[in-house]
Structure formats: C-alpha cells, structure tokens
Amino acid sequence: MKKLSALVAIAAASVLALTGCSAGSEAGQPAAASASSAAAFPATVETKFGDVTISKKPERVVALGWGDAETALELGVQPVGASDWLGFGGAGVGPWDESKYTSKPEIIETLEPNYEKIAALKPDLILDVRSSGDEARYKKLSSIATTVDVPKDGDNYLTSTQEQTAMIATALGEKEKGEALLATVDDAFAKVAAAHPEWKGESVTVATRTSNGWGAYVQGDGRLSFLEKLGFTQSPTIATLKANSSGFSTSVSDEQLDLLDADLIVAFPIFIDTTKITDDAQWTAIPAVKDGRSIVVDGELSNAFSDSTPGAELYALDKIAALIEKTGLK
C-alpha cells in the first residue's frame with residue numbers, strides 16, 4: 001500500500017501544481033488571464049437549456065452546484081460566492097481544497113438560494129453545473145448573470161465528474177487545465193486498479209443510511225463511478241431496482257437489507273451516527289458484512305467519496321483502496 005499511497009500523493013501534487021500557479025493575488029479574484037486563456041473566449045458550453053456563450057474571461061464567479069466551487073478552485077479560480085452542499089463550514093469546501101482560497105466566499109444556500117444575495121455579489125458568471133436542472137431556478141439565475149447549468153442529461157445532480165470539469169474549464173477559459181486535471185485522476189485510478197487485478201469484475205453495492213432509512217446508489221452516481229474506475233461492477237441486484245425520484249439512488253427497506261449483498265459493500269451514513277450502520281443487527285447479518293467484505297466510511301473520507309471533484313477523488317483514492325485491501329477481497 002505504501003507504493004500506491006506514493007503514487008496517489010504524486011497525483012495530488014500534480015493537481016496542486018496545476019492550481020497553485022494561477023491562484024488569485026487579490027481576495028476573491030482570479031489571476032490576470034494568460035494569453036492562452038484570453039484566447040479561449042468567446043467560449044461556448046452546451047447545457048440542458050441550450051448553448052451558453054461566455055464572451056470574456058469571468059472575474060466574479062458564483063459557484064452554486066454541488067462541487068462547482070471545488071472544481072473552479074482546482075482550475076485556479078476563486079469564486080466570490082459558493083454553496084456548501086456537504087456542510088463543510090468555513091469556506092464551504094473540503095480539506096483538499098480549502099487552502100486554495102485567499103478570502104472566504106459568500107456562502108449561498110443550496111436547494112433554495114437567496115437570489116438577492118447572489119445579485120449583490122455582482123457576478124459575471126454563475127455555475128450551477130451539478131444541480132437539479134430546474135428550469136425556474138435556471139431562469140432566475142440567468143436573469144442575474146450568464147449561467148452555465150446542467151448538461152443535457154445532468155438533471156438531479158447526475159452531472160459526471162468529467163462533464164462538470166470540462167464544462168467549468170471551458171466556461172473559465174481553462175480547457176487545457178481541465179483536461180490535465182482529469183488525466184491526472186484517470187492515471188491515478190488506473191495505477192491502483194492495475195495493482196489490484198483481483199478487483200476487476202467483482203460486484204459492488206454503494207449503500208447509505210439516513211434518518212429516513214436505507215438506500216443504494218445506481219448507475220450514474222459519482223460514488224459508484226469511483227469504484228467502477230477501480231474495476232468493480234455494479235451489483236446486478238441493485239441494477240434491477242427502480243431509482244427513486246432523485247434519479248441516482250434507490251430505497252431499500254430494513255426487511256430487505258440482503259438486497260445490498262455483493263462481493264463488496266461500501267456504505268456511509270448521512271447525518272446520523274456511524275454506529276446506526278455498524279451496530280445494526282440486520283446490517284451485520286448481510287453475507288458480505290459477515291464475511292468481512294464491507295467497509296463503512298464517514299467524516300471527511302465520506303465527504304470526499306461523495307464530492308466527486310478531481311481533488312476529492314484523489315484525496316479519497318488511497319484511503320478507500322487501503323480499506324478495501326483490508327477486507328481481503330479475492
């Protein structure tokens with residue numbers, strides 16, 4: 001595992017190198033546009049609501065979508081306003097990105113943003129790339145400033161890491177930097193997967209428990225994609241279940257927890273204590289759990305696993321790989 005950790009550390013350092021050189025010298029502002037980024041405008045981004053054209057490099061960015069602020073930071077741009085989807089507090093981002101801010105952004109509510117508060121920030125670009133895709137929300141935001149919303153198939157937070165990074169990079173005039181970020185992440189995952197050929201083709205369930213009950217994530221969710229990049233495949237049982245209204249998860253009743261069974265289960269709590277999973281008798285009775293082929297992640301690792309930005313994925317990669325290794329999965 002030491003070798004894998006070193007590989008991921010090198011990949012993370014590459015991300016820092018990509019972002020550090022272009023951090024803003026003025027609080028809340030990006031550095032002056034380079035000749036290459038200036039040449040990237042006008043830039044056009046395809047979205048659910050049609051093509052959006054950005055005429056010049058944005059100087060005041062408000063990032064509202066899940067992970068949009070982190071992605072902007074990883075591309076060297078500091079949003080003046082941002083939403084804190086995972087309840088990080090402070091600047092609203094995880095430890096993998098918090099040092100990139102020189103000045104804390106104005107924190108904007110997530111599901112029901114204060115539009116007057118957003119307008120007061122005088123943005124010239126609003127990012128809502130990983131969000132609900134709600135048309136009324138989009139119309140209100142676009143009346144304030146040019147808004148890049150979800151891709152055509154990105155409703156209900158189903159914008160992939162690749163789509164989110166590429167769209168935001170294009171909008172910010174940092175297309176090449178976005179491609180480099182994604183290549184760094186792909187390379188890091190490929191190295192870990194190559195070191196574990198025994199994981200290829202093994203089934204996995206990504207499960208969660210909230211105060212409302214149990215659920216599992218379906219195709220299109222970033223957490224499942226994370227594990228698929230390591231060679232795992234979605235549990236065929238979960239694949240047959242109908243997604244709920246969110247589009248990225250399905251509910252599982254307490255009486256049917258065996259539906260979560262797979263070669264590997266990765267679970268995490270949402271706004272409940274971790275023991276609500278680990279001490280649950282029905283959870284411990286699942287064959288994979290009984291056999292030691294399950295892991296439960298929480299805290300910052302759970303947040304990184306859920307965030308699905310390049311920086312978050314690199315932060316989580318070696319930690320989750322180490323936990324999977326301890327299961328002895330063959």
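Before the first pair, a note on axes: I take them as lines fitted to C-alpha atoms, for helices over the stretch in contact, with angles running from 0 to 180 degrees between N-to-C directions. Helices (H or I, at least four residues) and strands (E, at least two) are DSSP runs, numbered from the N terminus.

Source notes: this is a predicted model, where local features need pLDDT of at least 70, side-chain atom pairs count only at pLDDT 80 or more, and totals for chains, interfaces and linings use all residues. Residues are numbered from 1 along each chain as its sequence is written, and side-chain values use heavy atoms, with hydrogens and water left out.

**Entry 1, overview.** I find 14 helices and 13 strands in the protein chain. Of its 330 residues, 52% count as buried (under 20% relative accessible area; exposed is over 50%, partly exposed in between; 1.4 Å probe, protein chains only).

I looked up H13 (residues 299-307) against H14 (residues 310-326): the angle is about 120° and the axes are 8 Å apart. That makes the pair oblique (under 35 degrees is roughly parallel, over 145 roughly antiparallel, 65 to 115 roughly perpendicular, the rest oblique). On the H13 side, Glu300, Leu301, Ala304, Phe305 and Asp307 meet H14 residues, among them Tyr315, Lys319 and Leu323 (contact means heavy atoms within 4.5 Å). I sorted the residues of this contact by class and got 8 nonpolar, no polar and 3 charged (Ala, Val, Leu, Ile, Met, Phe, Trp, Tyr, Cys and Pro are nonpolar, Asp, Glu, Lys and Arg charged, the others, Gly among them, polar).

How many residues of H6 (residues 161-171) are buried? I get 8 of the 11, so H6 is largely enclosed by the rest of the structure. Met167 and Ile168 are among the buried ones. Just after H6, Gly173 has a positive phi of about 75°.

The axes of H6 and H7 (residues 175-195) come within 7 Å and cross at roughly 155°. I therefore log the two as roughly antiparallel. Thr161, Gln162, Thr165, Ala169 and Thr170 of H6 make the contact with Lys175, Gly178, Leu182 and Asp186 of H7. By class, this contact has 2 nonpolar, 5 polar and 2 charged residues.

I found Gln78 in the loop between H3 (68-74) and S4 (81-83). Its relative accessibility is 2%, so Gln78 counts as buried. What does its side chain reach at 3.0 Å? The backbone nitrogen of Thr102. A polar atom of the Gln78 side chain also lies 3.3 Å from the backbone oxygen of Lys100.

Technical notes
Polar contact = N/O pair within 3.5 Å; in protein donor to acceptor, adjacent residues only side chain to side chain.
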